[in-house]
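Here is a friendly briefing on how side chains pack and pair in one protein chain. Please have a look at the model first, then read on.

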Amino acid sequence: MSDDKTIKKSNYITPEGMQALRDEVRYLWKIERPKVTQSVSEAAAQGDRSENAEYIYGKKRLREIDRRLRFLSKRIEALQVVNDLPRDQNKIYFAAWVTLEDINGSRINYRIIGPDEIDLKKSYISIDSPMGRALIGHRVNDEIVVKAPEGEKQYYIVAISYDQL
């Protein structure tokens, strides 16, 4: 049995997910970093830097921004944008919208996306998550079992859609 910590992150991303990462880079580089650099400059001009909280915080924030920019730069290079619909749209693949029903009849919708796009408010779940891995390759009316912290949960696949891709 493989340890979940050894599972590599998928390198798939939707076009809108890639755009969001590029927008973040642009914002950090063109807006946030210059603003913080300016405030650090102003704080440094006030004299003693060792007790200047604004200077210390600003330098820390610059390091955080630079670290995030390095990460995003490497991650964007490694990602593969998925633009095409799958040949068999009756099966669940990357970027599918899926409607599930649990044993109580409650329904829930998810979109299977890359780990860089997870957003539970939008019902976006990672292809690498237990639910994402359980769904891939299945069809409408298939039953899946997902191992959750509370135990195993059963779902029926009610609908699959790629309309919003």
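Throughout, buried means under 20% relative accessible area, exposed means over 50%, and partly exposed lies in between (1.4 Å probe, protein chains only). This is a predicted model, in which local features need pLDDT of at least 70 and side-chain atom pairs count only at pLDDT 80 or more, while totals for chains, interfaces and linings use all residues. Residues are numbered from 1 along each chain as its sequence is written, and side-chain values use heavy atoms, with hydrogens and water left out.

**Nonpolar cores**

- A nonpolar core is a set of buried Ala, Val, Leu, Ile, Met, Phe, Trp, Tyr and Cys residues joined through side-chain atoms within 4.5 Å.
- The largest one has 20 residues, and the members touching the most others are Ile92, Val98, Leu100, Met131, Leu135, Ile144 and Ile157.
- At least two residues of this core come from each of β3 (97-102), β4 (107-113), α3 (130-135), β6 (143-148) and β7 (151-161); helices (H or I, at least four residues) and strands (E, at least two) are DSSP runs, numbered from the N terminus.
- Leaving aside residues up to four places away in sequence, Leu135 touches Ile92, Val98, Leu100, Ile112, Ile144 and Ile157, where contact means heavy atoms within 4.5 Å.
- A second, separate core holds 15 residues, including Ala43, Ile65, Ile76 and Leu79.

- The whole structure contains 12 salt bridges, each defined as a side-chain nitrogen of Lys or Arg within 4 Å of a carboxyl oxygen of Asp or Glu.
- In one of them, Glu16 pairs with Arg111 at 2.7 Å, N to O.
- Glu16 sits in helix α1 (residues 15-44) and Arg111 in strand β4, so this pair links distant parts of the chain, 95 residues apart.
- Glu16 counts as partly exposed because its relative accessibility is 37%, whereas Arg111, at 1%, counts as buried.

- Glu24 belongs to helix α1 and Arg68 to helix α2 (residues 53-78), so the pair ties together parts 44 residues apart in sequence.
- Both ends count as partly exposed: Glu24 has 25% relative accessibility and Arg68 has 32%.
- Arg61 and Glu32 form a salt bridge with closest N and O atoms 3.5 Å apart.
- This pair links Arg61 in helix α2 with Glu32 in helix α1, 29 residues apart.
- Arg61 is partly exposed at 21% relative accessible area, while Glu32 is buried at 11%.
- A network of salt bridges links Glu32, Lys35, Lys60, Arg61 and Glu64.
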